[in-house]
Amino acid sequence: MGALTGLLHHMDWLSMLLFVMSGVACLICLTVHELSHGLAAYKLGDPTAKLNGRLTLNPLSHVDWIGLFLLLAVGVGWAKPVPVDPRNFREPRKGMAITALAGPLSNFVLALVSLGIGSLLFHFGPANRPGAYLLLFLCQLSVLNVGLGLFNLIPIPPLDGSRVVEMFLPERAYRWVLRYERYLIVAVVLLAWMGFFGGPLYRAMAWVLQGMCEITQFPFSLIVYNFF
């Protein structure tokens, strides 16, 4: 019993709490992102996501455990892609582009809402430890959402930004991308792990977050101190 008490005493509970907060924030970001893909496709006439049970806020329906682990470990990860059948769209390439952009857009909206709530908490909330942890979580949620949104706008298959580029590709090149894009995710992860996107992505994140902080009156210095 004494050994167990000693172990519990020396555990870094703050680090564990921050890790759990990161996990929850990642699940929220990925769930909203994938749900938005499915909703956009459904509104454009494709019921595939709905028929596969993906129009839900249940994170277990969207999570890919390897992708979640990599997101927590190295900052780059993914969820289970929402199934989309472009044949159900009136204009397949345009429909795929709109469906793809719905994901990053939802992340930017969620980041702005998180900072808005955080601003209210910062200016009017109680100055206690639970309030500080909630404020930190909202900061973390906003940073992850902006990072996920911007990363997915990079025009490299199979990231969402590539769907916009594909609208203008010749038919032969477009079919080649569709055939091999599942393998390109490995190259994207390796490039991100080697820091290929790091500098430009972090600068873009800081710029977007600073603009959102100006809109919501959230202190940008808190985000810089904790995450940059």
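Predicted model: local features only at pLDDT ≥ 70, side-chain atom pairs only at ≥ 80, totals over all residues.
Residues are numbered from 1 along each chain as its sequence is written, and side-chain values use heavy atoms, with hydrogens and water left out.

Let me start with that pair. H2 covers residues 13-43 and H6 covers residues 129-152, and they pack at an angle of about 45 degrees with their axes 9 Å apart. The helices are DSSP runs of H or I with at least four residues, numbered from the N terminus, and the axes are lines fitted to C-alpha atoms over the stretch in contact, with angles running from 0 to 180 degrees between N-to-C directions. The crossing of H2 and H6 is right-handed, meaning that the near helix is turned clockwise from the far one by less than a right angle. Among the residues that meet are Leu14, Met21 and His33 in H2 and Tyr133, Phe137 and Asn152 in H6, where contact means heavy atoms within 4.5 Å. The residues of this contact divide into 16 nonpolar, five polar and no charged; Ala, Val, Leu, Ile, Met, Phe, Trp, Tyr, Cys and Pro count as nonpolar, Asp, Glu, Lys and Arg as charged, and the others, Gly among them, as polar.

How far apart are the end C-alpha atoms of H2? They are 45 Å apart, which agrees with the 45 Å that its 31 residues should span at 1.5 Å a residue. Just after H2, Gly45 takes a positive phi of about 110 degrees.

Now we bring in H5, residues 92-124, which packs with H6 at an angle of about 160 degrees, their axes 8 Å apart. H5 and H6 are therefore roughly antiparallel to each other, and H5 passes H6 in a left-handed crossing. The contact includes Pro104, Phe108 and Gly118 of H5, and Gly131, Ser142 and Val146 of H6, and its residues divide into 15 nonpolar, eight polar and no charged.

Finally, H2 and H5 pack at an angle of about 140 degrees, with their axes 8 Å apart, and that makes H2 oblique to H5. Their crossing is right-handed, and residues including Val32 and His37 of H2 and Thr99 and Ser106 of H5 make the contact, which has ten nonpolar, seven polar and no charged residues.

Key:
Helix = DSSP H or I, 4+ residues; strand = E, 2+ residues; numbered from the N terminus. Parallel < 35°, antiparallel > 145°, perpendicular 65-115°, else oblique. Expected span 1.5 Å × (residues − 1).
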